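The following questions and answers examine a structural model and the confidence attached to it.

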Amino acid sequence: MKALYVTAFKSILTKEINRFTRIWIQTLVPPAISMTLYFLIFGNLVGKRIGEMGGVTYMEFIAPGLIMMAVITASYSNVASSFFSAKFQRNLEELIVAPVPHYVMIAGYVGGGVARGLCVGSIVTGVAMFFVDISLHHAGLVAITVLLTSILFALGGLINAVFAKSYDDISIVPTFVLTPLTYLGGVFYSLSLLPDFWQGVSALNPVVYMINVFRYGFLGYADMSVPFSIAVMVGFCVALWSLAYYLISRGIGLRS
């Protein structure tokens, strides 16, 4: 039986990876172009006027945040669009009635989102190396952070797809939730620059903790406690996994 579960997981994961690599011009190239523009405009032109931040140049300071922003978007959009497409085309019904546990199905889709997030993150890191000298202060923390972040937002994309009733619903969360959270997550500024009240408000933003640990992994600079930030990410991953499992096991949003 375990062999069946492993085969099912590999099949879903392979399908998801083939899906975004087949149209790589649409899924992998745009993030590289967008991040190049960010580095040119914010890092190069604006950064020269700002000077140093957190003890490093502004370009070096924003590089980890920009990489993380690309990972978040890629992981989320991959699962949201793929899972909703399967639901809309009624392909998902065949998978639901198959003798495969729901957690295997969730793991397969989330794995595809993680794979795309890691691919995009690697590409954007390569782009960043043309503008700044990338150095790793703690490679292990970088790997842990990008993995947890990809899992978290892949799960978020799956939950969004469960509730979505049209393709327009897929774009609501990225537009009104993800974009504000990422731009207010400390990508372009240090939280130490904010008044105490707004630092407290920023503590409610989960993206802040991801960028905080990721930046520490690269630069050794952190605005908040690194162990606490990791604990927050793990907590969100567990919470979203539990919610996704509950929704799918109950068939909420899946059966018409």
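**Confidence, a helix and a cavity**

Q: What pLDDT does the protein chain average?
A: Where pLDDT is low, the predicted coordinates should not be read in detail. In this chain, 98% of the residues score at least 70. The average pLDDT is 87.

Q: How many faces of α1 do its buried residues line?
A: The buried residues of α1 are A8, I12, E16 and F20. An α-helix has 3.6 residues a turn, so residues three or four places apart point the same way. Seen down the axis of α1, the buried residues fall within an arc of 90°, so they line one face.

Q: Which exposed residues does α1 carry on the face turned away from its buried side?
A: The buried side of α1 is covered by elements that include α2 (24-27), α4 (58-88), α5 (91-97) and α6 (102-128). The face turned away from that side carries exposed residues, each over 50% relative accessible area. They are A3, K10 and R22.

Q: What volume does the largest cavity have?
A: The structure holds two cavities of 30 Å³ or more. Lining the largest cavity are G185, G186, L191, V208, I211, N212, R215 and D223. Its volume is about 40 Å³.

Terms used:
Residues are numbered from 1 along each chain as its sequence is written. This is a predicted model: local features need pLDDT of at least 70, side-chain atom pairs count only at pLDDT 80 or more; totals for chains, interfaces and linings use all residues. Side-chain values use heavy atoms; hydrogens and water are left out. Buried means under 20% relative accessible area, exposed over 50%, partly exposed in between (1.4 Å probe, protein chains only). Helices (H or I, at least four residues) and strands (E, at least two) are DSSP runs, numbered from the N terminus. The arc is that of the directions from the helix axis to the C-beta atoms. Contact means heavy atoms within 4.5 Å. pLDDT is the predictor's confidence in each residue, from 0 to 100. On a 1 Å grid over the protein atoms alone, a cavity is a set of points where a 1.4 Å probe fits but cannot get out, and a pocket is an open set with protein on both sides within 12 Å along at least five of seven lines; lining residues have an atom within 4 Å of a point. Grid points are joined across faces, edges and corners, and a volume is the space filled by probe spheres set on the points.
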